[in-house]
Amino acid sequence: MTTSIEKPQSTGTTPPPVPEGSVMITMKIARFNPEDELGAHWDSFQVPCLPTDRLLNLLIYVKSYLDGTLTFRRSCAHGVCGSDAMRINGVNRLACKVLMRDMLSKDGKSLTITVEPIRGLPVEKDLVVNMEPFFDAFRAVKPYLITTGNTPTRERIQSQADRARFDDTTKCILCACCTTSCPVYWNDGSYFGPAAIVNAHRFIFDSRDEAASERLDILNDVEGVWRCRTTFNCTDACPRGIEVTKAIQEVKRALLFAR
Ligand code: SF4
Ligand code: SF4
Ligand code: FES
């Protein structure tokens with residue numbers, strides 16, 4: 001990706017709105033459209049920014065006023081759905097959770113923010129990647145409760161201590177920030193990746209589940225937990241604060257010792 005294109009300020013006849021109190025920042029956005037000849041390149045946009053904006057607001061501004069062809073995913077805009085994971089200034093984040101007041105410099109220096117798609121998954125268009133390989137790994141670890149015997153006539157009882165065992169890994173929103181920040185996953189996409197292991201952990205350590213050994217066998221595979229090099233990128237990237245690397249270590253220990 002070498003070319004860089006300065007985009008005009010407006011594609012319409014009326015100038016785009018500039019909110020009072022905003023400062024102009026530069027957004028350098030990675031672009032790719034499989035149907036045009038430009039190939040992968042960067043576009044730069046001048047965007048008005050308020051300290052109360054999230055980065056997602058600025059992307060929506062670009063799409064609404066400067067270039068309607070810009071493509072990205074988002075849904076909830078509140079850090080819940082996990083659909084707007086992207087690489088912001090080289091770090092995987094959810095665009096809706098990046099507050100601009102944390103990025104604007106206090107001394108009024110001009111600000112340039114780079115935005116790229118998450119790495120390790122095929123780019124479909126601009127900031128949108130094909131998530132299927134990620135979800136294939138997720139599905140492969142059987143991320144659902146598996147039990148045998150008759151259907152119970154009341155809820156399955158679980159102690160607070162047993163529930164606490166997997167509380168952290170219930171928080172996953174499948175955003176892929178962790179898996180796509182993992183150097184092992186970048187180098188070899190056949191590794192299950194941290195998100196799949198987190199979701200396996202959630203059921204392996206659930207006292208009501210009866211398929212822990214099945215999942216552990218799956219993760220004992222050559223593409224499983226042993227590929228992890230404990231570099232903690234995944235833990236640093238998780239927008240839900242899940243201790244991802246710790247969960248992976250617990251699965252490793254479960255394989256080595258009593259489950
Ligand atoms: S700790 Fe393991 S899974 Fe997480 S980023 Fe590092 S190598 Fe990947
Ligand atoms: S573990 Fe965290 S970073 Fe990974 S998919 Fe789940 S929420 Fe996203
Ligand atoms: S849009 Fe849903 S998490 Fe950001």
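Me: Which residues in α5 are buried?
Reply: This is a predicted model. In α5, the buried residues are P194, A195, A196, I197, V198, N199, A200, H201, R202, F203 and I204.

Me: What makes α5 mostly covered?
Reply: Eleven of its eleven residues are buried. For the protein, 34% of the 259 residues count as buried.

Me: Why is α5 called roughly antiparallel to α6?
Reply: The two axes cross at roughly 155 degrees and come within 9 Å. Angles over 145 count as roughly antiparallel. Therefore α5 is roughly antiparallel to α6. The crossing of α5 and α6 is left-handed.

Me: Which residues make that contact between α5 and α6?
Reply: From α5 come I197, A200, F203 and I204. From α6 come A212, R215, L216 and L219. By class, the contact of α5 with α6 has seven nonpolar, no polar and one charged residues.

Me: Why is α2 called roughly parallel to α5?
Reply: They pack at an angle of about 25 degrees, with axes 8 Å apart. Angles under 35 degrees count as roughly parallel. So α2 is roughly parallel to α5. Is the crossing left-handed or right-handed? α2 passes α5 in a right-handed crossing.

Me: Which residues make the contact of α2 with α5?
Reply: α2 brings F134, A137, F138 and A140. α5 brings A195, A196 and N199. The contact of α2 with α5 divides into six nonpolar, one polar and no charged residues.

Me: Which residues are closest to ligand 2?
Reply: They are C172, C175, C178, A195 and C238, and 16 residues surround the ligand. Helix α5 gives the most to the shell around ligand 2, with three residues. By class, that shell has 14 nonpolar, one polar and one charged residues.

Me: Which residues are closest to ligand 1?
Reply: Ligand 1 is surrounded by 13 residues, and the closest are C182, C228, T231, N233 and C234. The elements giving two or more residues to this shell are α7 and α8. α8 gives the most, with three residues. The shell around ligand 1 divides into eight nonpolar, four polar and one charged residues.

Me: Why does A176 count as buried?
Reply: A176 has 26 C-beta neighbours inside 10 Å. The cut-off is 20 or more, so A176 counts as buried. A176 lies in the loop between α3 and α4.

Me: Which other residue has a positive phi although it is not a glycine?
Reply: T230 does, with phi of about 55 degrees. T230 lies in the loop between α6 and α7.

Me: Why is T230 called exposed?
Reply: T230 has 10 other C-beta atoms within 10 Å. A residue with 12 or fewer is exposed, so T230 is exposed.

Me: Why is K171 called partly exposed?
Reply: K171 has 13 other C-beta atoms within 10 Å. Exposed needs 12 or fewer and buried needs 20 or more, so K171 falls in between. K171 is found in the loop between α3 and α4. Leaving out residues up to four places away in sequence, K171 touches R240 and I242. K171 and N199 are 28 residues apart in sequence, and their C-alpha atoms are 9.5 Å apart in space.

Me: How do you know that E155 is exposed?
Reply: E155 has 7 other C-beta atoms within 10 Å. The limit for exposed is 12 or fewer, so E155 is exposed. E155 is found in the loop between α2 and α3. E155 and L104 are 51 residues apart in sequence and 50 Å apart in space, C-alpha to C-alpha.

Me: How many helices and strands does the protein have?
Reply: The protein has eight helices and eight strands. Its C-alpha atoms fill a box of roughly 70 × 35 × 35 Å, taken along the principal axes.

Methods:
Residues are numbered from 1 along each chain as its sequence is written. Chains are lettered from A and ligands numbered from 1 in the order in which they are written. This is a predicted model: local features need pLDDT of at least 70, side-chain atom pairs count only at pLDDT 80 or more; totals for chains, interfaces and linings use all residues. A residue is near a molecule or strand if its C-beta atom, placed from the backbone, lies within 6 Å of it. Helices (H or I, at least four residues) and strands (E, at least two) are DSSP runs, numbered from the N terminus. Ala, Val, Leu, Ile, Met, Phe, Trp, Tyr, Cys and Pro count as nonpolar, Asp, Glu, Lys and Arg as charged, and the others, Gly among them, as polar. Axes are lines fitted to C-alpha atoms, for helices over the stretch in contact, and angles run from 0 to 180 degrees between N-to-C directions. Angles under 35 degrees count as roughly parallel, over 145 as roughly antiparallel, 65 to 115 as roughly perpendicular and the rest as oblique. A crossing is left-handed if the near helix is turned anticlockwise from the far one by less than a right angle, and right-handed if clockwise. Two residues are in contact if their C-beta atoms, placed from the backbone, lie within 7 Å.
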